[in-house]
Amino acid sequence: MSRWPAGYGRVILSETGSTLDAARQLAREQPAPFWVLAHHQTAARGRRGRPWAMPRGSFAATLVLQTQEPPGVAALRSFVMSLALFEAFTAVTGRGDFFQLKWPNDVLLQGGKVAGILLESSGQGTQQSGLCIGVGVNLAAAPAPGDVEAGAVTPVALSEVTGTVIGAEDFLCHLAEAYAVLEAQFRQFGFAPIRAAWLAHAARLGEVITARTGRESLTGSFEDVDAEGHLMLRTHTGLRRIAAAEVFF
């Protein structure tokens, strides 16, 4: 049985526009860290403002943290959350071998996308006072292929692939517990142990992938993730260090 981590708050909503927006509003009065979970979102969004489909029975939550870190350090929380999702999935299914982590912020289940992460700052300037980490998981059903970007990884649902049926609030307990342990590790030891654990479960490591940065499309061998979380891609012109991109297989 998963236990709720000490020191973390929890807000459960039946419906909201977006848990990211709700979390930002609640952060004005609610002390961080805290989680906001909504059973239904009416205006969910993904990366670059894209709409995020949320079939009934899906998981949508946002974690709010208080940080005093440069943006580049705070952004490494995407790897922390990816690992927390991996551990939560393993705990509820018993099948860690089914899951892989896709740079920079997705979790794959037997090759299909089962979860995504979106980070947004609620602070200003070079030092962030607040960080919102949005998490979406296809627990009971996956969005239709037509609801995702062309060429993107096919979405899959946890229950359909593994047979595991779990409600959003129960899954949140597993995720929150796993995240709290990893966050403490990150704060004490830095990114190195998180990076090593993430790479142990990385999708397509050592294989050919394509990274689209918005300015160019680069194809090469996925060699590594560096100490700042950048994708290291070996192309025909040499090793490229990529801070942000959409990755396609």
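A word on naming before we start: helices (H or I, at least four residues) and strands (E, at least two) are DSSP runs, numbered from the N terminus. What you see is a predicted model, where local features need pLDDT of at least 70 and side-chain atom pairs count only at pLDDT 80 or more, while totals for chains, interfaces and linings use all residues. Residues are numbered from 1 along each chain as its sequence is written, and side-chain values use heavy atoms, with hydrogens and water left out.

Okay, strands. I'm calling two strands paired if DSSP finds at least two bridges between them. Let's begin with β4, residues 99-102, which pairs antiparallel with β5 over 4 bridges. Those two make a hairpin with 3 residues between them, and Lys102 sits opposite Asp106 in β5.

β5 itself covers residues 106-109 and is joined to β6 by 4 bridges, again antiparallel. On that side, Asp106 has Gly116 of β6 as its bridge partner, and Val107 has Ala115. This is a hairpin too, with 2 residues between the strands, and Gln110 in the turn has a positive phi of about 50°.

Which way do the side chains go? In a regular strand they alternate between the two faces of the sheet. Here, Asp106 and Leu108 point one way from β5, Val107 and Leu109 point the other way, and all are buried. Buried, for me, is under 20% relative accessible area, exposed is over 50%, and partly exposed is in between, using a 1.4 Å probe and protein chains only.

Now β6, residues 112-121: 8 of its 10 residues are buried, so the strand is largely enclosed by the rest of the structure. Its other partner is β7, residues 131-137, antiparallel with 7 bridges. In that pairing Ile117 stands opposite Val135.

On to the core. By nonpolar core I mean a set of buried Ala, Val, Leu, Ile, Met, Phe, Trp, Tyr and Cys residues joined through side-chain atoms within 4.5 Å. The largest one has 61 residues, and Phe59, Met81 and Leu85 touch the most other members. What does Leu85 contact, if we skip its neighbours within four places in sequence? Taking contact as heavy atoms within 4.5 Å, the list is Val107, Ala115, Ile117, Val135, Val137, Phe171 and Leu175. There's another core apart from that one, with 9 residues, including Val11, Leu20, Val64 and Leu118.

Quick cysteine check: a disulfide would be a pair of cysteine sulfur atoms within 2.5 Å, and by that rule we get 0. Cys132 is buried at 1% relative accessibility, and Cys173 is buried at 16%.

Last stop, the second largest pocket. On a 1 Å grid over the protein atoms alone, a cavity is a set of points where a 1.4 Å probe fits but cannot get out, and a pocket is an open set with protein on both sides within 12 Å along at least five of seven lines; lining residues have an atom within 4 Å of a point. This pocket has 18 lining residues, with Ala75, Ser78, Pro104, Ala243 and Ala244 nearest its centre. α2 (71-74), α3 and β6 each give at least two lining residues, and α2 has the largest share, with 3.

Ser78 lies in α3, residues 77-93. Is Ser78 buried or exposed? Buried, with a relative accessible area of 9%. Not counting residues up to four places away in sequence, Ser78 touches Pro104, Ile117 and Leu119.
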